[in-house]
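Me: Please walk me through this model, taking each feature first as a general idea and then as a case.

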Amino acid sequence: MNKVLPLAALLISLGLIIFLYLRVNKLEETLKQSEQRFSDCETVNFQLQNQLVAATRGPVPDSLKVRD
């Protein structure tokens with residue numbers, strides 16, 4: 001009984017560490033996906049703004065065109 005309590009505490013601690021590690025990895029992956037989506041949205045927004053400017057003011061000068 002004297003050695004069971006510390007062993008149980010260590011096993012619980014190890015389980016908690018593994019659980020939190022897996023949780024952090026999942027959150028990091030989700031964050032990467034969110035950042036990629038945000039970047040894609042910014043790109044599309046910029047392209048749509050350029051199209052709107054071209055439609056309302058005429059052609060966009062070469063110096064302001066997006067180059068791939």
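Predicted model: local features only at pLDDT ≥ 70, side-chain atom pairs only at ≥ 80, totals over all residues.

Reply: Residues are numbered from 1 along each chain as its sequence is written, and side-chain values use heavy atoms, with hydrogens and water left out.

Me: How many helices and strands does the protein chain have?

Reply: Helices (H or I, at least four residues) and strands (E, at least two) are DSSP runs, numbered from the N terminus. The protein chain has one helix and zero strands.

Me: What radius of gyration does the protein chain have, against that of a compact globule of 68 residues?

Reply: The radius is taken over C-alpha atoms, and the globule rule is 2.2 Å times the number of residues to the power 0.38. The rule gives a value near 11 Å, but the protein chain has 26 Å, and its C-alpha atoms fill a box of roughly 85 × 20 × 10 Å along the principal axes.

Me: Which percentage of the residues count as buried?

Reply: Buried means under 20% relative accessible area, exposed over 50%, and partly exposed in between (1.4 Å probe, protein chains only). Of the 68 residues, 1% count as buried.

Me: Is Met-1 buried or exposed, and where is Leu-14 placed?

Reply: Met-1, found in the segment before helix 1, counts as exposed because its relative accessibility is 85%. Leu-14 lies in helix 1 (residues 4-57) and is partly exposed, with a relative accessible area of 47%.
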